[in-house]
Amino acid sequence: MKALKYFSVLLIPFLVYISFNSKGWLTFLPAIFIFGFVPLLEFFVKPNKENFTKEEEKAAKENKLYTYLLYVTLPIQLGFLMLFFNAIQEINLTNVEIFGRIFSMGIMCGIIGINVGHELGHRSSRIDQFIGEFLLLTSLDTHFLPYHNGGHHFNVATLDDAATARKNELLYTFWIRSHFSSYLQAWKLENKRMNENSRSWFHFQNRMLVYTIFNLLFLSLIFFFFGKIVLIYFIISAIIGITLLETVNYIEHYGLLRKKNEQERYERVKRNHSWNSDHQVGQVLLFNLSRHSDHHYNGSKHYQLLKTDPESPQMPTGYPGMMLLSFFPPLWFLVMNKNLKKYHN
């Protein structure tokens, strides 16, 4: 069954478990896998350019296994949070080993918490949305959904979008601009929604207000049961998860902008307004997130149905490799500005 390949994401919690129960370099095993082994492997695995046939697409749409896998990530994420709270308190850990375990939890926050939360946050089912919100709460990134769905998908590939990287913009300044701008925009969007419904911003249906209360409650519970040091370590791991998300945002839309028509309105979002990657390893580990062009063309489409399209600009390699490249701005600009120029030509 084609759905089974996505269960390879369970390698991530397996490697994180090893990190939590090991010393030395093994505490960095998840990071070595994601940013070392996967990019290397994608040089040898042929990209997947195939799309479902109509019959296969119908079967995949009706196959609940794709969704059940997303559901099971919630107890896994919660379970690993508890493991982390205990593992990080182990005596005789070196500072390097502590950071290795923090970074491993950060990878869980980025791949399981935020990425799966993103997928479920696009669903129409309130249960799916709630699970997505809960996953995002475990990564302290609950504002992601109001802005992503109401702002990013509307303004993508324009200068109005916080999550669209400009040409020659440094990754490290983008992290700050994207995260804090999207947070402020999320409040503005929710306050506007409350105003349009003749409600005060201080209303239980204001998601940003509710998210803020639950974030504070969540952090307070960690402090109460595990203490200040564990709370600080968790916040660092959540920041790492958020940083991974923002790095993905950076590579997905770098330098791509929509044109305006004679009425000064932006053209509709097309499949050529996001960078696409058909490299299979990162594709299945991130639930087809790398088929990002089709995701923006149809945001409600479930991950297993996303298509590749010839008109979409293609990344030289998969997401993990491109994320690694973006950490080195001179190399990133050398590679991607050349690809950007070739694409525009």
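I started at Leu217, which sits in helix α9 (residues 207–226). A reminder to myself: this is a predicted model.

Next I checked how open Leu217 is. Its relative accessible area comes out at 44%, and since buried means under 20% and exposed over 50%, Leu217 counts as partly exposed.

I found Leu217 in a nonpolar patch of about 670 Å², together with Ile213, Phe214, Leu221, Phe224 and Phe225.

I turned to the UniProt record for context. Its unreviewed entry lists "transmembrane region" at residues 25–45, 65–86, 98–117, 208–226 and 232–251. I took two of these spans to the model. Residues 208–226 are 100% helix and 0% strand, with end C-alpha atoms 27 Å apart. For residues 98–117 I again read 100% helix and 0% strand, and 27 Å between the end C-alpha atoms.

The unreviewed UniProt entry also places "domain: Fatty acid desaturase" at residues 103–307. In the model I get 62% helix and 0% strand for that span, and its end C-alpha atoms lie 32 Å apart.

Last stop, Arg271. I found Arg271 in the loop between α10 (228–253) and α11 (280–285). Is Arg271 buried or exposed? It is buried, because its relative accessible area is 16% and the cut-off for buried is under 20%.

Notes. Residues numbered from 1 in each chain as written. Predicted model: local features only at pLDDT ≥ 70, side-chain atom pairs only at ≥ 80, totals over all residues. Heavy atoms only, no water. UniProt positions renumbered as here; feature names shortened; annotations may be inferred. Helix = DSSP H or I, 4+ residues; strand = E, 2+ residues; numbered from the N terminus. Patch = residues over 30% accessible without salt bridge, like charges linked within 9 Å, V, L, I, M, F, W, Y side chains within 5 Å. Areas by Shrake-Rupley, 256 points an atom, 1.4 Å probe, with all protein chains shown as cover. Salt bridge = Lys/Arg side-chain N within 4 Å of Asp/Glu carboxyl O. Buried < 20%, exposed > 50% of the residue type's maximum accessible area, 1.4 Å probe, protein only.
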